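Please keep the coordinates open while reading.

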Amino acid sequence: MRLRPGRNALVPPLVGGAILLLMALLPTARVGAADAWLPVRETSLVVQPGSPLDFSSLLPNPVIGPGNFLTIGAGGHLAYSAAPDEPARLLCASLAWSPDSGGFPDHAEADLYARQLAMHGYNIARFHFVDANLMFGRAKDFDFDPVTLDRFRYLMAALKRNGISWIMDGVTSTRAAYGGFDDRWDMNGTMKTDLYVDEKAVAHWTQLQQKLLGTVNPYTGLAPLADPALALIVLANENGIEFDTWLYDKAGRPPDDRRLTVPFNAWLKARYGTTEALRGAWGRVPAGQSIEAGNLQLPPTRYEQGPRMRDFEAFVVDIEQRTAARLSAVLRGMGYRGLISDYNNFATIQTGLTRASLDVVTMNTYQGFVPSFDPGASLEQKSAIADGAGYVREAAASRWLGKPFLLTEWDQLYWNRYRYEAGLMMPAYAALQGWDGICRHASGPIALRYGEPFPQKQTILPYITALDPVARAGETLAALLFRRGDVAEAKVEVPFAVTGPADLGDNLEAREPKDLTTLALVGKIGLEAAHEIGDSVSVPQPRTATSFGDVLGRLEAAGLMPPDSGTASARGSYTSATGEIRLDQATLQMRVVTPLTVGAAFAAIHQPVALGPLTIRSSTGPALFAVSSLDGAPVTESRRLLVVFATDARGSGMRFADSGETVIADYGHLPVVIRHGEVAFSLAGRGAWRIAPVGLDGAVHAPIAHGTGAIQTTLSNASPEGPTTYFLIER
């Protein structure tokens with residue numbers, strides 16, 4: 001995460017009875033009024049066992065122990081060791097807490113929270129910024145706050161008891177475990193770059209792992225490094241050198257840490273030996289600089305083009321791989337036998353080469369970027385469908401085929417009015433690609449209640465998820481589309497050939513061409529060593545030697561795609577090789593049709609949208625609408641179906657500084673309000689049926705419609721008990 005949690009941007013806390021009083025006094029918005037916003041009435045968000053939102057029986061978590069833990073199984077997929085031939089799709093709960101969001105819960109709440117995560121369908125959790133939480137307000141190095149440490153350890157045990165494995169960052173905060181800093185969630189420290197050049201930093205990182213992960217957890221009886229629940233360690237979150245050059249790129253500041261100059265010179269000497277040989281490669285060497293003097297300078301800007309930049313990129317690949325290997329060896333020396341990853345930032349050509357040496361590839365990807373919670377922060381109101389799922393495609397292009405691949409962070413950020421798209425787009429394409437796990441970034445993906453007395457729990461905020469009904473609805477759908485496997489993995493696979501450092505260009509920010517990453521909307525894509533590809537349809541080097549249309553034509557000629565695919569694609573309409581997913585840029589619609597789930601995300605319904613057994617006839621506005629079987633039977637035969645209907649949501653009184661709603665003036669306050677919406681649809685089926693609203697807490701309310709045979713009705717999210725994003729169909 002790259003966020004400054006500005007505290008002054010938030011309204012004073014409204015807690016307990018004050019929240020209930022405010023919700024009672026708010027007038028009910030007039031249903032049917034243009035752009036009406038309806039206040040959420042639930043306070044408790046605890047899902048009850050057996051409710052339609054309880055997926056613990058539908059998606060049971062395994063018992064984690066010495067005989068059953070996550071490992072690399074068949075085909076390079078993650079799998080549980082007891083069933084290595086069965087890929088384990090991981091729906092990840094992001095636990096990026098801070099004191100402003102409440103921090104780690106006490107023991108009783110941790111038990112409830114862990115159980116609720118399992119009920120929501122999560123089977124792995126990512127601990128993020130643990131170092132910052134432990135060191136908050138501490139003056140001495142490694143002087144962990146004892147209450148926070150105890151709560152962290154207890155939550156680990158509670159998660160494990162519920163079959164939820166762990167992902168850990170070796171370090172998240174740039175302040176690591178150094179004492180005396182009050183900016184631990186800022187990016188002011190240098191720890192991540194220090195790991196490349198400073199022995200003291202490596203020693204500090206090592207001591208952090210020993211104290212945090214190498215010490216016995218009294219609630220599990222094991223040190224986390226020896227615990228089968230610890231599935232993956234990301235050595236340092238977002239620590240790629242190229243990423244840092246972007247993060248710290250400011251006027252008057254060099255684009256790279258100057259301390260890299262010494263190892264860069266050593267690398268050049270090892271490669272070229274003499275200045276004369278270097279001149280032969282570069283054409284010219286800056287006056288006064290030489291290999292013999294060891295004073296060759298880094299590129300003066302991140303935008304320099306030429307042989308010096310290409311060599312700098314190759315040097316970065318080398319030092320990143322050596323650093324990852326060194327830190328991995330430290331963990332192995334401590335007895336850790338689990339999985340390791342690193343460099344989960346930016347899908348550039350250079351970082352792609354670096355990640356070739358990793359056992360597991362991880363990536364962070366976002367539609368949009370919000371730098372802080374402060375007034376004046378801006379977010380582009382851009383549809384991910386219009387962008388051709390760009391943030392998904394970029395992540396897909398960072399994968400190495402044959403290796404496990406997880407998104408450690410992703411989101412279509414609040415307050416993007418199109419974020420209803422995310423609940424369909426990311427899990428559907430992640431399943432199509434055959435990825436191993438997805439983790440929507442959040443300070444906890446769920447909340448137990450509205451109205452907790454913490455600054456970041458007073459309204460919906462970017463990167464939070466738990467209080468946003470739209471994001472929560474998307475995560476509910478993700479449990480079905482991705483973890484349950486409703487969307488099939490593509491059999492069509494298009495490798496992107498990699499030859500090595502020769503692939504590096506003149507641009508530090510160079511990525512795979514957007515035209516070619518569009519292949520991710522059709523089938524699986526990923527990087528693969530050129531000599532291992534064989535005769536399959538692939539993307540060669542150089543990338544200019546082919547195009548999306550050319551590759552698609554070869555897939556059609558091989559009988560792997562319908563013959564009219566290219567014609568539709570030219571119109572911005574892309575159908576997956578499985579036939580289950582269709583994205584249409586022109587109409588801003590995305591459709592998913594599978595045996596167990598059918599649905600669409602749309603900006604408008606101008607004519608009926610046929611989705612197999614479901615037809616969406618009309619809608620009052622943009623939304624996500626999906627119907628999913630809860631009993632394992634196909635949608636047309638299921639006797640219990642969950643309807644997801646998500647429009648938009650925000651804090652009461654939210655204000656913008658511009659008419660386009662891109663610049664925040666005030667995030668507003670509780671209660672959360674949901675934009676009123678209605679959708680008319682028909683659903684094939686036999687027998688008597690009834691439809692009931694389901695609260696955000698999973699409570700099933702009185703039926704609002706009933707009939708026999710095919711369903712034809714109009715649903716309003718303004719249910720009698722308050723606005724909702726869920727309904728239950730029973731036959």
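This is a predicted model. It contains 20 aromatic pairs. One of them, tyrosine 154 with tyrosine 219, is edge-to-face.

**The tyrosine 154 and tyrosine 219 pair**

- The ring centres of tyrosine 154 and tyrosine 219 are 5.1 Å apart, with 80° between the planes.
- That angle is over 60 degrees, so the pair counts as edge-to-face.
- The pair links distant parts of the chain, 65 residues apart.
- Tyrosine 154 belongs to helix H4 (residues 146-161).
- Tyrosine 219 lies in the loop between helix H6 (199-212) and strand E7 (230-234).
- Tyrosine 154 has 14% relative accessibility and therefore counts as buried.
- Tyrosine 219 has a relative accessible area of 31%, so it is partly exposed.

**Other ring contacts**

- Arginine 161 places its charged end over the ring of tyrosine 154, 5.4 Å from the ring centre.
- Arginine 302 has its charged end over the ring of tyrosine 303, 5.8 Å from the centre.
- One aromatic cluster is formed by Trp97, Phe104, Tyr113, Phe127 and Phe152.

- E22 and strand E25 (residues 669-675) are joined by four bridges.
- Serine 652 stands opposite histidine 669 of E25.

Notes
Residues numbered from 1 in each chain as written. Predicted model: local features only at pLDDT ≥ 70, side-chain atom pairs only at ≥ 80, totals over all residues. Heavy atoms only, no water. Phe/Tyr/Trp six-rings, centres within 6.5 Å; stacked < 30°, edge-to-face > 60°. Helix = DSSP H or I, 4+ residues; strand = E, 2+ residues; numbered from the N terminus. Buried < 20%, exposed > 50% of the residue type's maximum accessible area, 1.4 Å probe, protein only. Lys NZ or Arg CZ within 6 Å of the ring centre and 35° of its normal. Pairing = 2+ DSSP bridges.
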